[in-house]
Amino acid sequence: MKSVYEDVIKRDPNQPEFHQAVEEVLDSLSPVIKLHPEYLPVVRSIVEAERIIQFKVPWYDDNGVLHVNRGFRIQMNSAIGPYKGGLRFHHSVNQSILKFLAFEQVFKNSLTGLPMGGGKGGSDFNPKGKSDQEVMRFCQSFMMELFRHIGENLDVPAGDIGVGGREIGYLFGMYKKLANEFTGILTGKGPSYGGSLIRPEATGYGLVYFAKEMLSTKNKSFEGAKCSISGSGNVAQFAAEKVIDLGGKVVTMSDSSGWIYDPAGIDREKLAWIMDLKNIHRGRISEYADKFTGSSFTKSEPEPSLNGLWAVNVDVALPCATQNEINAEEAKMLAANNVIAVAEGANMPCTPEAVGVFHQYGILFAPGKASNAGGVATSGLEMSQNSLRLSWSREEVDDRLQKIMIDIHKNAFDTAKKYGLPGDYVAGANIAGFLKVAEAMTAQGLI
Ligand code: NDP
């Protein structure tokens, strides 16, 4: 296993996020390889992307000035189904970040029990501060190249940071024009053109359904629990909504400029105001503190450090912004406050050292590939509805989502126990996700 990791570093020495994601998985897989040495070649193969596409995305701003961004699609693994995974538009996007996300996606998609391989893509384009027209021109130019590499049986992208309903709409419109057909090529679409109900809510809701299962292993629940959430985008908003539904109290949220603390709790009304602020007016979270008395705003620098958000005394912490936002020091602050559970809404928001602290203090910890899998699972349900040319009701999709999250929790929990690591959701999720893909790859001849 060590040699696999060394080869990964040797091949791509400048990809720290990808190394971090690979190292975590390889650490978990040692007991599997002891039991199944025949899977070692699979490990060697699974760390290499099947295909990486990089392309130029030229677009004109409202003043007629040309900008040139970089677009990517990482088609990581298609052993159990077509590539599936989001598109991220953020100035920090590069191959290392997208490869880490695509790699995680392989295991996550396997855990959902649905037939989806792993992929990820995006661009270093930053939609923040751009007009709708500029975002539209960018999305159209991006799809002008991407369309030849995707397909409903090949690769079905979705949203991620910076890619919400607006961007998916523009991307879908351009795909339809270029391909001259109406197919379920993207998920996260609007309900009027093939989108699934509950897809926007799914990652946040699914996260809380998963955390609820974790808490129940300690005979605890969200009722009366204090909860810190980072981020104020798609995942954070709907995680907050579901925590409130279940009787919990959300006291923090953030964006890349800083974080807010509201000791009285962010109730439904305040959350609706945040959704309006972030989704319609595209404003900054600092405005919350001006609007609601008794709350405060703390500026964060440098991103993504949240400088103190994790020092707030809570029972449950849900990091929902971006990678590496909780380090060991911040994990110790959570431990000092006797946090019961930490569940990742974002992908890899906790550093390996932070995860070590959670394990050391016996804090329940769920890795994103298990706890945030509700989004891609519901994307899978959107694909099924598109194929059937049917739309399921909110209740039907939500019921399926809840069942999937309960199953993922059980699978990760039981697998960890079986391999002698009870309560270790990281090992449980990595091993369970790996075994299905490894079996499929072996059966197909490791080509
Ligand atoms: P959004 O773009 O809707 O929201 C992201 C939030 O995180 C915003 O509040 C943003 O602040 C903040 N943020 C982003 N980057 C940074 C940074 N570098 N430092 C501090 N804050 C930051 O994205 P999503 O909610 O969709 O995604 C959040 C996380 O969840 C990501 O890790 C994503 O990969 C993961 N995820 C998303 C899924 C989905 O279905 N959307 C599915 C599974 C995982 P600002 O507004 O200032 O940019």
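## Ground rules

A polar contact here is a pair of N or O atoms within 3.5 Å; within protein, one must be able to donate a hydrogen and the other to accept it, and residues adjacent in sequence count only if both atoms are side-chain atoms.

This is a predicted model, with local features needing pLDDT of at least 70 and side-chain atom pairs pLDDT 80 or more, while totals for chains, interfaces and linings use all residues. Numbering runs from 1 along each chain as its sequence is written, and side-chain values use heavy atoms, leaving out hydrogens and water.

## Holding the ligand

For Asp-160, a side-chain N or O atom is 2.6 Å from a ligand oxygen, and for Lys-128 a polar side-chain atom is 2.9 Å from one.

On its own the ligand exposes 890 Å², and the protein buries 89% of that (Shrake-Rupley areas, 1.4 Å probe; for residues, only the protein chains shown count as cover).

## Who's in the shell

The ligand has 28 residues around it (a heavy atom within 4 Å); among those that come nearest are Thr-203 and Arg-284. Domain 1 (49–183) and domain 2 (202–366) both contribute to this shell, so the ligand lies between them; the bounds come from an automatic or database domain assignment.

By class, the shell has six nonpolar, 13 polar and nine charged residues (nonpolar: Ala, Val, Leu, Ile, Met, Phe, Trp, Tyr, Cys, Pro; charged: Asp, Glu, Lys, Arg; polar: the others, Gly among them).
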